[in-house]
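Subject: Handing over the structure, with notes

Dear colleague,

Please find below the structure that I promised to pass on to you.

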Amino acid sequence: MTDNTFDKSRLTLLGLGAMGTALARAWLAAGHRLTVWNRTPDRAVPLAAEGATVAVTVAEAVAASDLVVVCLLDDASAEEVLAEADLTGKDLVDLTTRTPAQARARAGWAEGRGARFLDGGIMAIPAAIGVPGSGGYVLYSGSRSLFDACRGTLAVPAGTVYLGEDPGFAALYDVALLSAMTGMFAGVAHAFALLRGEKDASPKEFAPLLADFLTAMAPYAHRVADQLEDGDYTRGVTSNLAMMVRGNATLLETAEAQGVSTELLTPFTALMERRLAEGYGAEGTAGVVDLLLR
Ligand code: FVH
């Protein structure tokens, strides 16, 4: 579709799981003319009552709009759903979580079938979709002309961050952020486990202390980024590796004493010890990044 013929208020959404349904509601609330399709048709019933047009087949749904948004379980389901669709002249925005390699392959596949393609990584939970100020956003990469043409529509459910023409970048950043979140979940699990055996330690009392401390520590990401960019891993270091490795021994000893497994802590501790043994005790933890590269 050329940008001047792009109907910005009309779109199709394939996939009405928890996230797809939240996206649909945001577009309907903003007055968009929305056609929806889902493998299990029952999930579309409440949305029909809210103004969505329900397509019976994928072909009918894709034919209804120039802009087709996909939000399915994984790359395999997206491939399966779109296998027979006529994508000629369509604009495809796929918000399904996938690997960078899958995103690049999906872009080539869509373009080979005559569509412009944008891959998206949703950095929000369904409850944050369409909620101004929720902090949720979606990472996009792929066709710049498509992003420019539909950015207003894409901005309805959540903030937008465009990462460039390489269709793999949204997935790469998505996975990097989710990996950091996984580390945080591991830390939270370990922290609660330490308190678990104490009858006078209340998880509810501890939770605000934990959340505030993690928030206070979050700017650490900027320090690591600065060090990685200028190559000086001692720059601005106030808590050095030698001190942290010593401190980690206390963490491990306490875990043992509380009857808590150290299996979540030991992999990172081992990397810090390796870097220290190589003579980098004055650094922070940025050197661990390089130890992880294979
Ligand atoms: N929900 C979340 O918190 C996260 C937030 C970050 C982004 N993710 C990703 O969003 C994609 C969709 O997630 P979802 O939450 O909507 O997932 P479900 O509620 O499980 O719905 C899955 C939809 O996919 C359909 N589906 C699955 N397999 C197939 C298939 N082979 N053919 C056709 N459709 C398929 C499923 O249909 P049905 O089961 O209702 O018939 C749902 O529409 C996902 O990539 C997350 O990683 C969400």
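I begin with helix H7, whose buried residues are covered by elements including H5, E6, strand E7 (137-142), helix H8 (203-217) and helix H10 (241-257). Please bear in mind throughout that this is a predicted model. The buried residues in question are Ala 170, Ala 171, Asp 174, His 190 and Ala 191. H7 runs over residues 169-196, and at 1.5 Å a residue its 28 residues should span 40 Å, which agrees with the 40 Å that separates its end C-alpha atoms.

As for the chain as a whole, the protein has twelve helices and eight strands, and its C-alpha trace spans about 65 × 45 × 30 Å along the principal axes. Of its 294 residues, 40% count as buried. Among the contacts with a separation of 6 or more, 60% are accounted for by residues 24 or more positions apart.

The sheet

The eight strands form an open sheet with mixed pairing, in the order E3-E2-E1-E4-E5-E6-E7-E8. Strand E3 (53-54) and strand E8 (159-162) stand at the edges, and because each has a single partner strand, one side of each is left without a neighbour in the sheet. E3 runs parallel to E2, to which it is joined by two bridges, and within this pair Thr 35 stands opposite Thr 53 of E3.

H1 touches E1, E2, E4 and E6, and its direction makes about 165° with that of E1, while helix H5 (residues 100-112) touches strand E5 (91-94) and E6, with its direction at about 150° to that of E6.

Moving along the sheet from E2, we find that E2 and E1 pair in the parallel sense over five bridges, with Arg 10 standing opposite Arg 33 in E2. Four of the five residues of E2 are buried, so this strand is largely enclosed by the rest of the structure. E1 also pairs with E4, again in the parallel sense, over four bridges, and here Leu 14 stands opposite Val 70 in E4. E4 and E5 likewise run parallel and are joined by four bridges, with Val 93 in E5 as the bridge partner of Val 69.

Helix H1

Why is H1 described as largely enclosed by the rest of the structure? The reason is that nine of its twelve residues are buried, namely Met 19, Gly 20, Thr 21, Ala 22, Leu 23, Ala 24, Ala 26, Trp 27 and Leu 28. These buried residues pack against strand E1 (10-14), strand E2 (33-37), helix H2 (45-49), strand E4 (67-70), strand E6 (116-123) and helix H6 (144-154). At 1.5 Å a residue, H1 (residues 18-29) should span 16 Å, and its end C-alpha atoms are 17 Å apart, which agrees. Just after H1, Gly 31 takes a positive phi of about 85°.

Leaving aside its neighbours within four places in sequence, Thr 21 is in contact with Leu 16 and Leu 47.

The ligand

Which residues are closest to the ligand? Of the 21 residues that surround the ligand, the closest are Met 19, Asn 38, Thr 40, Arg 43 and Thr 97. Met 19, which is also one of the buried residues of H1, has a polar backbone atom 2.9 Å from an oxygen atom of the ligand. For Thr 97, an N or O atom in the side chain is 2.8 Å from an oxygen atom of the ligand. Gly 17 also has a backbone N or O atom 3.2 Å from an oxygen atom of the ligand.

With best wishes,
A colleague

Terms used. Residues numbered from 1 in each chain as written. Predicted model: local features only at pLDDT ≥ 70, side-chain atom pairs only at ≥ 80, totals over all residues. Heavy atoms only, no water. Expected span 1.5 Å × (residues − 1). Buried < 20%, exposed > 50% of the residue type's maximum accessible area, 1.4 Å probe, protein only. Contact = heavy atoms within 4.5 Å. Pairing = 2+ DSSP bridges. Axes fitted to C-alpha atoms, helices over the stretch in contact; angles between N-to-C directions. Near = heavy atom within 4 Å. Polar contact = N/O pair within 3.5 Å; in protein donor to acceptor, adjacent residues only side chain to side chain.
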